[in-house]
Amino acid sequence: MARPVINAALARTDDPEMALAAYSVALSVSLPLVAPLFGMRQIVTALCVDRDMIRRLGRLVWCLGGAATVIVLLLAIPSVYILVTDQLLGIPQEIADLGPPAMLLLATSPLLLIGRGYYQGILVHYGEANPIGVGALGYLVGCSVVVFGAVLWLDLPGAVAAALALMAGNVIYLLIVWPPTRSLYRTHPPKIVQRAEGFDPQKRSMRYILSLYHPLALSTMLTAGVEPVVQMAMAHTPQVTQSLAAYAVCVSIVWL
């Protein structure tokens, strides 16, 4: 529900079509870089059998999140962003010019999303899924408050307000699912043992973990890669801004 709420806030800016279009483009450009991280949630859920595996998976999670963050930060450089959106995708420059500040905020997404997925996977594996629902509610409330506050009170540009709302929502979500995960270490008897007996030692290797992860990463990246292609096609329509804005609204409703 966060995406329709964000769009509702952007609809109350001085130029709603431009705000929706600029945010839609920035999100679609960053999505193929962030989407491969989603697959780690399934890997963590399947393999976090003990503290040793949780540590191994944690190192991989932060490495992948850090690498994606660096790439998104490079895209936030105005000249690079304009090259990708204006020159490659054909997005009008007046829309592309609004993107770099939003991309700078979206650069927080990789670490926040993969961190959130990491803790979600552990909670599900050990039968403690309720905090995930609470986190989702916190995410929705945080996004709603921040985006409307940024648009109506701070008068921030629409794309920046939306990206700021996503960052705030992800931070809240992460802060909600983190403490219950840590509490699993303090149960008596402990739910998370130091090293699970009977778990195949070969499955502890990074080679094995990556062999499971890379098909998930590739599939989500290819799926998310459709978004920039769709944006590029809409850039060749007679009414580019209206098309990009309308598409963003339609997708947000379909997500429900």
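## Second largest pocket

In this predicted model, the lining of the second largest pocket consists, by class, of seven nonpolar, two polar and four charged residues. The pocket has a volume of about 190 Å³. Its lining comprises 13 residues, and those nearest its centre are Thr-13, Asp-14, Leu-156, Pro-157 and Gly-158. Helices α2 and α10 are the elements that contribute two or more residues to this lining.

## Largest pocket

The largest pocket has a volume of about 1,100 Å³. It is lined by 35 residues; Arg-3, Leu-31, Phe-38, Tyr-139 and Trp-255 lie nearest its centre. Divided by class, this lining holds 22 nonpolar, nine polar and four charged residues.

Several helices take part in the lining of the largest pocket. At least two residues each come from α1, α2 (16–34), α8 (109–125), α9 (130–152), α10 (158–183), α11 (206–224), α12 (226–234) and α13. Helix α2 gives the largest share, with seven residues.

## Packing of α1 and α13

Helix α1 spans residues 2–10 and helix α13 spans residues 240–255. The two pack with their axes 8 Å apart, at an angle of about 150 degrees. Their crossing is left-handed.

On the α1 side the contact is made by Arg-3, Pro-4 and Asn-7. On the α13 side it is made by Ala-248, Val-249, Val-251, Ser-252 and Trp-255. These contact residues divide into five nonpolar, two polar and one charged. Arg-3 and Trp-255, which belong to this contact, are also among the residues nearest the centre of the largest pocket.

## Aromatic pairs

Three aromatic pairs are found in a search of the whole structure. One of them joins Tyr-139 and Tyr-173, whose ring centres are 6.1 Å apart. The planes of these two rings stand at 55 degrees, so the pair is tilted; planes have to be over 60 degrees apart to count as edge-to-face.

Tyr-139 belongs to helix α9 and Tyr-173 to helix α10, so the pair ties together parts that are 34 residues apart in sequence.

Notes: Residues numbered from 1 in each chain as written. Predicted model: local features only at pLDDT ≥ 70, side-chain atom pairs only at ≥ 80, totals over all residues. Heavy atoms only, no water. Axes fitted to C-alpha atoms, helices over the stretch in contact; angles between N-to-C directions. Helix = DSSP H or I, 4+ residues; strand = E, 2+ residues; numbered from the N terminus. Left-handed = near helix turned anticlockwise from the far one by under 90°. Contact = heavy atoms within 4.5 Å. Nonpolar A, V, L, I, M, F, W, Y, C, P; charged D, E, K, R; others polar. 1 Å grid on protein atoms, 1.4 Å probe; cavity = no way out; pocket = protein on both sides within 12 Å on 5 of 7 lines; lining within 4 Å. Points joined across faces, edges and corners; volume = space filled by probe spheres on them. Phe/Tyr/Trp six-rings, centres within 6.5 Å; stacked < 30°, edge-to-face > 60°.
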